[in-house]
Amino acid sequence: MRALVAAAVLWAGAAGAQTAYVNANGYTLDDDGALRRFSTLVVGDDGRVMATLADGVAVSAQRTVDVGGRTLLPGLIDAHGHVMSLGELALRVDLNGTASLEEAQARLRGYESSGAWVLGGGWNQERWGLGRFPTATELDAAIPDRPAYLSRVDGHAAWVNSRALALAGITRDTPDPDGGRIERDAAGNATGVLVDAAMRLVREKIPAPSAAEQDAALSKALAIMASVGMTGVHDAGTTPETWARYQRFAREGRLSARIYVMARGTEALAAMAPDGPIDWDARGLLAMRAMKLQADGALGSRGAWMREDYSDKPGERGLVFYEEPLLRRMIVESSAKGFQVNVHAIGDAANRAVLDAYADVPAAVRAALRPRNEHAQIVNVADLPRFAELGVIASVQPTHATSDKGMAEARVGELRLEGGYAWAKLIGSGARLAGGSDFPVEPPNPFFGLHAAVTRMDRNGAPPEGWRAREKLTMLQAFDAFTRGAAYAGHAEGVVGSLTPGKWADFIIVDRDPFATPAGGLWRTGVEATYLAGSRVFVKDQRP
């Protein structure tokens, strides 16, 4: 750790007014990844960092703000989230945290809504100890009078009631769509859970939300993000309609975070950026230069594409979203047009197929575009070095490991977990990591991710030694993943990710020092204030 001493000549007397944030316990990574300390942050009226100063360096600025000895950090960046889904779930029935089917049913019965449908999500049959998926009949017991559609916590399955199944016309004769599965009983009747592409059968019957409802969802999501210290996010799977909403919010001065957009597939990409990639705008608020594809489903619903059968369900290997020639063609063609391609890959077969496809992209193009495997959860050990060899970023979500640990052991067994959630192995091989949460699948709080990365424990402290503890990251590595690593993954390392001169002054003030706090308490870190380009967008007593 090195103290950063910037001579006053670097900033005093420079053109433009300055604000000095003094008496700070400041930390930032420099452009080489070294951790540096400072006590004063100087911000220009253009919203950019002018200097960071160590103790004893004179301050000569037009305005001074006393931080009061609190810890000041760069704003944190989530490299994989779902912005609109975060806001929508916050305004709908949220089953996150329910510990049993009965608790979920009780929460549903107490939910007040005048809508024609009951919408929400966050359920997880593994947390309920159910040993199976819930059924339409069990949802009917809580919501008998209206159709209901509730997404699983990972977004890769939906629990629907009998009214919803009837509206969608789903019967025992309805075939499974490509890339999806209708859960059925022994007689072939739909039981009430739809996996991946089968979710569309009901979802397309749900009335579209109004523009006002969508605006409210985006405003809610932005408020939540600011409250947890998130100044940037990579939106994983944006539609043309949402892209237009982001642009309007930016014009109206309503964006409180920087959003790196990944178009949801090839059709959305063509509609959103017909003339090629759209780089960061002048204020650094929006960019649309990436596309997200999905190679498979999720582990919890056994939709992740595995090379061998699931350990707890012989004969099942998950869902293949695209045959490999098509996957390869979409990646190669979109890369040739200058777009970064980021592919959801959870199972070991999916990760291998995606890496194989990236190998067909010319090396110079890969180096320029920085392709990414989103999640990279279960990777064959032989494929781990290929991330570095091919220049593929591993975009990982540390809280997935601590949430999935018991389920993952059951699904794939010990041998395959040697390459599961293998962040230390990836870094050791030379791969770059970008940190995220996959919110609202997991909570959006980046400090939950930092805690999971360095402890491999859940927030109840289990297991005490950490799950597969040899894959723990150091605090420096984890902090890098949620700052510089995420910035690099979004082609923004020159303007965000650290508090170095010339970059946007995106920073947060927190209630404890994460570099001095025992690792087990990292997740308790509270955000006191969040600043974007030097302007405060959140203060603690204004929590959403």
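Helices here are DSSP runs of H or I with at least four residues, and they are numbered from the N terminus. With that in hand, welcome to a short tour of this predicted model.

**Helix α16 and its ends**

- Helix α16 covers residues 446-455, and ten of its ten residues are buried, so the helix is largely enclosed by the rest of the structure.
- The buried residues are P446, F447, F448, G449, L450, H451, A452, A453, V454 and T455.
- Just after the helix, R456 adopts a positive phi of about 55 degrees.
- As a reminder, most residues other than glycine have a negative phi.

**Where α16 meets α17**

- The axes of α16 and α17 come within 9 Å of each other, crossing at roughly 145 degrees.
- This crossing of α16 and α17 is right-handed.
- On the α16 side, the residues in contact are P446, G449, L450, A453 and V454, and they meet M475, A478, F479 and F482 of α17.
- Sorted by class, this contact has eight nonpolar residues, one polar residue and no charged residues.
- For thinking about which positions line up on a helix face, recall that an α-helix has 3.6 residues a turn, so residues three or four places apart point the same way.

**Where α10 meets α11**

- Helix α10 (residues 324-336) and helix α11 (residues 348-358) have axes that come within 9 Å and cross at roughly 45 degrees.
- That angle makes α10 oblique to α11.
- The two helices, α10 and α11, cross in a right-handed sense.
- From α10, residues E324, L327, R328, I331 and V332 meet A353, V354, D356, A357 and Y358 of α11.
- By class, the contact of α10 with α11 has seven nonpolar and three charged residues, with no polar ones.

- D215 belongs to helix α7, which spans residues 211-227.
- With a relative accessible area of 15%, D215 falls under the 20% cut-off and is therefore buried.
- The side chains of D215 and R245 are joined by a polar contact of 2.7 Å.
- Beyond its neighbours within four places in sequence, D215 is in contact with R245, R248, F249 and R254.
- M225 is also found in helix α7, and at 0% relative accessibility it counts as buried.
- Setting aside residues up to four places away in sequence, M225 touches V83, L86, M230, V233, A257 and F439.
- M225 and L76 are 149 residues apart along the chain, yet their C-alpha atoms are separated by 9.9 Å.

**E183 in strand β14**

- E183 sits in strand β14, residues 180-184.
- Its relative accessible area is 14%, so E183 is buried.
- Not counting residues up to four places away in sequence, E183 touches F133, N189, A190, T191, G192, V193 and V195.

**Cis peptide bonds**

- Most peptide bonds are trans, so the next two are worth a look on your screen.
- F439, a residue that M225 touches, is linked to P440 by a cis peptide bond with omega near 5 degrees.
- P440 lies in the loop between β22 (433-435) and α16.
- P463 is located in the loop between α16 and α17 (475-489).

**Positive phi at non-glycine residues**

- N23 is not a glycine, but it has a positive phi of about 60 degrees.
- You will find N23 in the loop between β2 (18-22) and β3 (25-29).
- N23 counts as partly exposed, because its relative accessibility is 42%.
- H491, also not a glycine, has a positive phi of about 55 degrees.
- H491 lies in the loop between α17 and β23 (507-510).
- At 14% relative accessibility, H491 counts as buried.

Definitions and conventions
Residues numbered from 1 in each chain as written. Predicted model: local features only at pLDDT ≥ 70, side-chain atom pairs only at ≥ 80, totals over all residues. Heavy atoms only, no water. Buried < 20%, exposed > 50% of the residue type's maximum accessible area, 1.4 Å probe, protein only. Polar contact = N/O pair within 3.5 Å; in protein donor to acceptor, adjacent residues only side chain to side chain. Contact = heavy atoms within 4.5 Å. Axes fitted to C-alpha atoms, helices over the stretch in contact; angles between N-to-C directions. Parallel < 35°, antiparallel > 145°, perpendicular 65-115°, else oblique. Left-handed = near helix turned anticlockwise from the far one by under 90°. Nonpolar A, V, L, I, M, F, W, Y, C, P; charged D, E, K, R; others polar.
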